[in-house]
Amino acid sequence: MNTRTLWRNARLATLDPAVDADGWGLIEHGALLTDGPHIVWVGREDERPAGEPPARTVDLGGALVTPGLVDCHTHLVYGGHRAAEFEQRLNGVSYEAIARAGGGIRSTVAATRAASEEALWDSAAQRAAALMAEGVTTLEIKSGYGLSLDAEARCLRVARRLGQTLPVDVRTTFLGAHALPPEFEGRPDDYIDAVCDWMAELHRQGLIDAVDAFCENIGFSPAQTQRVFEAARRWQLPVKLHAEQLSDQGGAALAASFNALSCDHLEHLSADGIAAMRAAGSVAVLLPGAYYFLRETRLPPIEALRQAGVPMAVSTDHNPGTSPGLSLLLMASMACTLFRLTPLEAVQGITVHAAQALGLRDRGQLIAGQRADFVAWDLQHPNELAYWFGRNPCRHVIHHGVQRS
């Protein structure tokens, strides 16, 4: 049975360095041939190889086409919100002071534990829909707002259900080591023991794709983080890390020693951390939304990462406390204006490098053999994805070779 579709009349931004030297991989008068969920050919329309004609042809109307967007760091499943804390910070109270007073992550934990699974699903589905409307085809969702076995499992089930129900791929990350819950007050090592035990059960239930931790003065120490990573290694689960956001804990080097997929935030990243990440092949995930919302002033070491050849991804870090944004395109623009990424780096950061941060090598470029996830935009050049903000130029989203309704 012929299941091939020809998507024609497009300007392709393949992001394939083999196409041109500037990195965009532009193909004028381009077309893609898909077979089910995969791309089987990409090129100029007049150079399509002879063979069985496609079963279907779709005219993209001269649109710019890029790979589907990948949001590689979100905390999409939670209860409540923290608008009051936003107001506190604007009145001079620091994020650390709010957290130590029982606010911050702990307040979201209380709201999440009180919410039913259906309520968590309803709110998370609305947030996912907002990201998908801007061309997101792959999404990572972390737990970390339950901080008990039952509540963490509930959040991870909701995340799995999003990927099974909506036309978006979802990768789930267990972030049990996110904060110390009140019932473990003064007993962080006992809590890490519990997190490691829960990991085994959640893995048995098929709910975990990766493991993360918050290595910070107000989170967990490098030694405690290492114990979490050792447990993940026992279950052959890849690791990621919230590293060097508020201080240099040496977390990036620790994570790199476990071949971490990514290290995220990185405002206080050291030269040793950069070298370790480069050696391990870990992706640097930049989170300009949190930088902006917390009114931080210390930039991640972008030029040093660039010179070291460390791939840089960009993500929303959507969460209720420090980055309540739901626009990956806005984050690409912020990555340019706040962090001084080039437009090419920003677009690579929400496509191919974001996919690498999730351990996915089958998406993020328009290349034969990759997933047929791509977006048609009302734009002339892909650098406009990082230029416009407050506007959604998305025309069509194709996920697994099927156009979303």
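Guide: A pocket is an open set of grid points where a 1.4 Å probe fits, with protein on both sides within 12 Å along at least five of seven lines, and its lining residues have an atom within 4 Å of a point. The model discussed here is a predicted one.

Visitor: Which residues lie nearest the centre of the largest pocket?

Guide: The largest pocket holds about 400 Å³ of space, and its lining is made up of 21 residues. By class, that lining divides into ten nonpolar, eight polar and three charged residues. Those that lie nearest the centre of the largest pocket are Ala99, Arg100, Arg106, Leu180 and Ile218.

Visitor: Which helix gives the largest share of the lining of the largest pocket?

Guide: Helix 2 (95–100) and helix 3 (105–114) each supply at least two residues of this lining. The largest share amounts to three residues, and these come from helix 2.

Visitor: Where does the largest share of the lining of the second largest pocket come from?

Guide: The second largest pocket, with a volume of about 250 Å³, is lined by 16 residues, and nearest its centre lie Arg89, Tyr95, Leu294, Arg295 and Glu296. Helix 1 (83–90), helix 2 and helix 10 (288–293) each contribute at least two residues to this lining. The largest share, again three residues, is supplied by helix 1.

Visitor: Which strands pair with strand 13?

Guide: On one pairing, strand 13 meets strand 4 (residues 56–67) in the antiparallel sense over four bridges, and Phe374 is there the bridge partner of Pro67. On another, Phe374 stands opposite Ile398 of strand 14, a strand covering residues 394–399 that also runs antiparallel to strand 13 over four bridges. The partners of strand 13 are therefore, with two bridges being enough for a pairing, strand 4 and strand 14.

Visitor: Is Trp377 buried or exposed, and why?

Guide: Trp377 belongs to strand 13 (residues 374–377), where Phe374 and Ala376 on one side and Val375 and Trp377 on the other are all buried. A residue counts as buried under 20% relative accessible area. Because its relative accessibility is 0%, Trp377 is classed as buried.

Visitor: What is the length of the polar contact that joins the side chains of Trp377 and Thr66?

Guide: Beyond its neighbours up to four places away in sequence, Trp377 touches residues including Leu64, Thr66, Glu134 and Arg395. The C-alpha atoms of Trp377 and Leu64 lie 5.2 Å apart in space, although the two residues are 313 residues apart in sequence. With Thr66, the side chain of Trp377 forms a polar contact of 2.9 Å.

Note on methods
Residues are numbered from 1 along each chain as its sequence is written. This is a predicted model: local features need pLDDT of at least 70, side-chain atom pairs count only at pLDDT 80 or more; totals for chains, interfaces and linings use all residues. Side-chain values use heavy atoms; hydrogens and water are left out. Buried means under 20% relative accessible area, exposed over 50%, partly exposed in between (1.4 Å probe, protein chains only). Contact means heavy atoms within 4.5 Å. A polar contact is a pair of N or O atoms within 3.5 Å; within protein, one must be able to donate a hydrogen and the other to accept it, and residues adjacent in sequence count only if both atoms are side-chain atoms. On a 1 Å grid over the protein atoms alone, a cavity is a set of points where a 1.4 Å probe fits but cannot get out, and a pocket is an open set with protein on both sides within 12 Å along at least five of seven lines; lining residues have an atom within 4 Å of a point. Grid points are joined across faces, edges and corners, and a volume is the space filled by probe spheres set on the points. Ala, Val, Leu, Ile, Met, Phe, Trp, Tyr, Cys and Pro count as nonpolar, Asp, Glu, Lys and Arg as charged, and the others, Gly among them, as polar.
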